[in-house]
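Please keep the sequence and the structure in view while reading the points below.

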Amino acid sequence: MNKKEEKVTSQLSSTQIECIRNACIEAAREGFMDASMSGLCMEGAIEAAIGSIQSLDISQKIKESPNDD
């Protein structure tokens, strides 16, 4: 973990970090499933899953998550 990541994670509660992780997993699953159902190959579906994670509004997810440990 680099210094920037350490600073960000030290400012978030473990609950917030878990909410972000779950949002990333859900986005990846949905992106992969949508791409697969649209007929993309495995590599394309994986790229779509990664794109779904990249397009997440992390700031919004932090605001929506509880701030307690």
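In this predicted model, helix H2 passes helix H3 in a right-handed crossing. The contact between them involves Cys 24, Ala 27, Ala 28, Gly 31, Phe 32, Ala 35 and Ser 36 on the H2 side. On the H3 side, the contributing residues are Met 42, Ala 45, Ile 46, Ala 48, Ala 49, Ser 52 and Ile 53.

**Packing of H2 and H3**

- Two packed helices are described by the angle between their axes and by the distance between those axes.
- Helix H2 covers residues 14-37 and helix H3 covers residues 42-54.
- The angle at which H2 and H3 pack is about 145 degrees, and their axes are 7 Å apart.

**The chain as a whole**

- The secondary structure consists of four helices and zero strands.
- Read from the N terminus, the order of elements is α-α-α-α.
- The chain has 69 residues, of which 22% are buried.

**Confidence of the prediction**

- The average pLDDT of the chain is 88, and 87% of the residues score at least 70.
- Confidence is lowest in helix H1, residues 3-10, where the mean is 67.
- Confidence is highest in H3, at 97.

- Cys 24 is located in helix H2.
- Apart from neighbours within four places in sequence, Cys 24 is in contact with Ile 53 and Leu 56.
- Cys 24 and Gln 54 are 30 residues apart along the chain, and their C-alpha atoms are separated by 8.7 Å.
- Met 42 belongs to helix H3.
- Met 42 counts as exposed because its relative accessibility is 55%, and the cut-off for exposed is over 50%.
- From Met 42 to Phe 32 the C-alpha distance is 8.7 Å, and the two residues are 10 residues apart in sequence.

- Asp 57 lies in the loop between H3 and H4.
- With a relative accessibility of 46%, Asp 57 counts as partly exposed.
- The C-alpha atoms of Asp 57 and Ala 23 are separated by 9.7 Å, although the residues are 34 residues apart along the chain.
- Glu 64 is part of helix H4.
- Glu 64 is exposed, since its relative accessible area is 52%.
- Glu 64 and Ile 20 are 44 residues apart along the chain, with a C-alpha separation of 9.9 Å.

**Ser 65, in the segment after H4**

- Helix H4 spans residues 58-64, and Ser 65 lies in the segment after this helix.
- Ser 65 is buried because its relative accessible area is 9%, and buried means under 20%.
- The side chain of Ser 65 reaches the backbone oxygen of Ile 62 at a distance of 2.9 Å.
- Ser 65 also touches Gln 16 and Cys 19, when residues up to four places away in sequence are not counted.

Terms used. Residues numbered from 1 in each chain as written. Predicted model: local features only at pLDDT ≥ 70, side-chain atom pairs only at ≥ 80, totals over all residues. Heavy atoms only, no water. Helix = DSSP H or I, 4+ residues; strand = E, 2+ residues; numbered from the N terminus. Buried < 20%, exposed > 50% of the residue type's maximum accessible area, 1.4 Å probe, protein only. Polar contact = N/O pair within 3.5 Å; in protein donor to acceptor, adjacent residues only side chain to side chain. Contact = heavy atoms within 4.5 Å. Axes fitted to C-alpha atoms, helices over the stretch in contact; angles between N-to-C directions. Left-handed = near helix turned anticlockwise from the far one by under 90°. pLDDT = per-residue confidence, 0-100.
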